[in-house]
Each structure stands twice: as structure tokens, then as C-alpha cells.
Amino acid sequence: MKPRIFQNEALRKRFREAYFSREKKSLGNHWQRRTMSRIREMGPLPVSGFWLSFESLAWRLAPVNVVLILLFLLLNATLAPDVDYLNFLATDLESSTLSEFLEMEGSG
Amino acid sequence: MEKQSDTLKIDDEEVVARVLEGNVNAFETLLHRHGDLVARIVKRHVPLQDAEEVAQDVFVRTYESLLSFKGKSVFRRWLSSIAVRTCYDYWRKAYRCREVALTQLTERHREWLEEVVSGESEETRRESDARKEAQDLLNWALAKMSPEDRMVLELIHMEGLSVKEVAELLGWSPANVKVRSFRARKKMEKLLTGQMRDKRRVA
């Protein structure tokens with residue numbers, strides 16, 4: 001079986017040492033102060049109430065709502081072209097007969 | 001106004017409750033208490049030049065999410081999870097914007113790799129040089145992976161966390177973590193083998 005380089009314990013040890021040595025570098029002295037000023041700028045958190053819970057629930061249910069709307073539209077859509085065509089013909093026939101009749105009336 | 005020293009002796013859940021009551025300054029206690037933990041996590045996953053920004057983002061996200069902290073889990077663990085996910089988001093954004101710096105490897109790195117794998121590296125180089133080469137090689141390989149594979153490789157193969165722990169930290173299913181871990185290891189293997197092959201070709 002081919003020896004696996006990444007399974008080599010010496011190499012893994014070196015990699016691990018290098019990985020954890022990243023922790024030793026300093027972030028600087030002021031990052032916590034800067035973080036706190038960002039938090040203060042944001043102000044107090046909104047109090048948990050009915051609208052806040054409703055809003056989060058509405059967002060959580062948004063995908064379900066979209067699926068339901070699509071399903072509703074799909075069920076309402078007429079997916080019968082032959083019926084559509086017959087409907088069109090029937091309407092057209094009716095209107096042309098009516099217009100002919102009216103024209104006849106007009107001329108007469 | 002309540003001073004920060006007043007909240008120093010109370011536990012995290014109580015501090016969270018005070019922040020939720022509108023006492024923004026109480027959050028400083030959490031920041032001081034867990035700042036080192038977050039800084040350590042962020043420095044391990046993110047390049048140092050961006051680590052401060054990401055560490056700040058972790059606490060801002062924590063503050064914004066305090067309403068969803070139920071107190072059922074330990075605050076420290078909850079915070080660690082936010083920190084790891086923020087680092088993951090950092091990499092997702094970096095890869096999307098193609099801002100991942102690729103370390104240039106030289107012959108020296110390939111030599112180092114071969115020496116370590118063949119067991120000949122002991123005491124032949126200065127420790128700091130060896131660490132630099134390991135760091136460069138690791139950074140180079142990680143930059144060639146997807147953000148998902150990178151996070152899983154770091155957490156499982158470098159930090160030694162279990163699949164379950166990683167799944168909890170990243171909010172993924174254990175099966176997904178297992179698959180990613182396998183893929184990441186395979187990819188790493190391929191990259192390192194490629195480097196060894198290049199070395200032999202040059203020799």
C-alpha cells in the first residue's frame with residue numbers, strides 16, 4: 001500500500017506546532033476597547049416582545065410560505081390547452097355573431 | 001449606571017440577563033472574560049492582519065444574537081461556536097472575492113517536506129526555520145481548499161476535535177463533517193504528494 005504523506009506523524013506534528021504557533025501572535029491592546037465602542041454605538045437590544053417573536057417566526061416560515069404560494073398558483077393555473085382553445089373559439093364565435101347582427105341592424 | 005466591576009462576580013447567564021435588560025456596559029464583562037478565548041480561536045483560523053476585525057465581528061454578532069441565547073448551553077461553548085462560524089464566513093467571503101493569498105513555495109519547502117516525511121529532518125535545521133517552512137506549506141495547502149474543507153481540516157486534523165464537536169461548532173450534520181473531513185484529507189494528501197513529485201522531478 002502506498003504510504004500516505006499526510007498520515008506521517010512527524011509531519012502532522014510539525015503542522016500542528018505551526019498551526020498552534022499562530023495563537024502566540026498578539027492582536028494588539030485596543031481591540032476590546034474598539035469592540036466595546038462598536039457595541040455602545042448599537043445601543044441596547046430591543047426588548048423581546050410579540051412583534052419581535054412574530055418577525056423571527058415570519059422569517060423562519062418564509063420558505064414554507066413561498067412553497068405554499070407557488071402550490072396555490074399552480075393549482076389555480078389552467079393547465080388544459082384544449083379547453084383554453086375551445087373557450088377562445090366559443091368567445092370569438094359569439095362576438096363575431098353579435099357584431100354581424102349589430103351591423104345588420106345598423107344597415108337595416 | 002452600573003459599573004463593570006459590579007458584574008465581575010456574577011456568572012455569564014446573569015450578565016447576559018443584565019445586557020438584555022438594557023445595560024449595554026455589562027457586555028464588557030463578557031468581553032473581558034472571554035476575549036482571550038475568542039482571540040485564540042480567530043488567530044488560529046484567520047490571517048493575523050484580519051484577526052482583530054474578525055474578533056470584533058465575533059463579539060458584535062454575539063451581542064446581536066443574545067436574544068437567542070437560551071442559557072441551556074454553556075455561554076463559552078455558544079461563543080466558541082459563533083467565533084468558529086465567523087471565521088468560516090470570513091473565508092467564504094475571501095474565496096468569493098478571490099482574496100486568498102497563495103504562499104509561493106520554493107525548493108527549500110519541498111526539501112523540508114521530504115526530510116520530515118523520510119525522518120531525516122531532526123536537528124538539521126533551526127527550529128524557527130522549520131516552523132516557518134511548516135507554516136508556509138500549511139498555508140499554501142489550505143489556500144487551495146474550499147472554505148468548508150479548510151475549516152474541517154483545521155478543526156479535526158490540527159486541533160483534534162471529534163466529528164460531533166465540529167458538527168456542533170459549525171452547525172452542520174455529523175455526516176457532512178465526516179464527508180468533508182475525508183475529502184479535505186484526500187485533497188491535502190494530493191497536494192503534498194504533488195510537491196514531493198515536483199521535488200523528485202527537479203532532482
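This is a predicted model: local features need pLDDT of at least 70, side-chain atom pairs count only at pLDDT 80 or more; totals for chains, interfaces and linings use all residues.
**Conventions.** Residues count from 1 along each chain as its sequence is written, while chains are lettered from A and ligands numbered from 1 in the order in which they are written. Local features need pLDDT of at least 70 and side-chain atom pairs count only at pLDDT 80 or more, whereas totals for chains, interfaces and linings use all residues.

**Chain A.** I looked up the elements of chain A and found five helices and zero strands. Helices here are DSSP runs (H or I, at least four residues) and strands are runs of E (at least two), numbered from the N terminus. The order from the N terminus is α-α-α-α-α. I then checked burial (20 or more other C-beta atoms within 10 Å of a residue's own, with C-beta atoms placed from the backbone). Of the 108 residues in chain A, 11% are buried.

Contact requires C-beta atoms, placed from the backbone, within 7 Å. I get 39 residues from chain B and 31 residues from chain A. On the chain B side, the helices that each supply at least two residues include α1 (12-20), α2 (27-45) and α9 (174-202). The largest share, nine residues, comes from α2(B). By type, the chain B side holds 23 nonpolar, seven polar and nine charged residues. Nonpolar means Ala, Val, Leu, Ile, Met, Phe, Trp, Tyr, Cys and Pro; charged means Asp, Glu, Lys and Arg; the others, Gly among them, are polar.

**Helix α1(B).** Which residues of α1(B) are buried? I find V15(B), V16(B) and V19(B). They sit on the same side of α1(B) because they cover an arc of only 100° around the axis, taken from the directions from the helix axis to the C-beta atoms. Their cover includes α2 and α4 of chain B. After α1(B) comes G22(B), with a positive phi near 110°.

**Domains of chain B.** An automatic or database assignment sets the bounds: domain 1 is 1-100 and domain 2 is 102-203. Eleven residues of domain 1 touch ten residues of domain 2. On the domain 1 side, α4(B) gives the most, with eight residues. That side divides into five nonpolar, three polar and three charged residues.

**α4(B) on α7(B).** From α4(B), Y88(B), W91(B), R92(B) and Y95(B) take part; from α7(B), P147(B), R150(B) and M151(B). I count five nonpolar, no polar and two charged residues in this contact.

Conventions. Two residues are in contact if their C-beta atoms, placed from the backbone, lie within 7 Å. A residue is buried if 20 or more other C-beta atoms lie within 10 Å of its own, exposed if 12 or fewer, and partly exposed in between; C-beta atoms are placed from the backbone.
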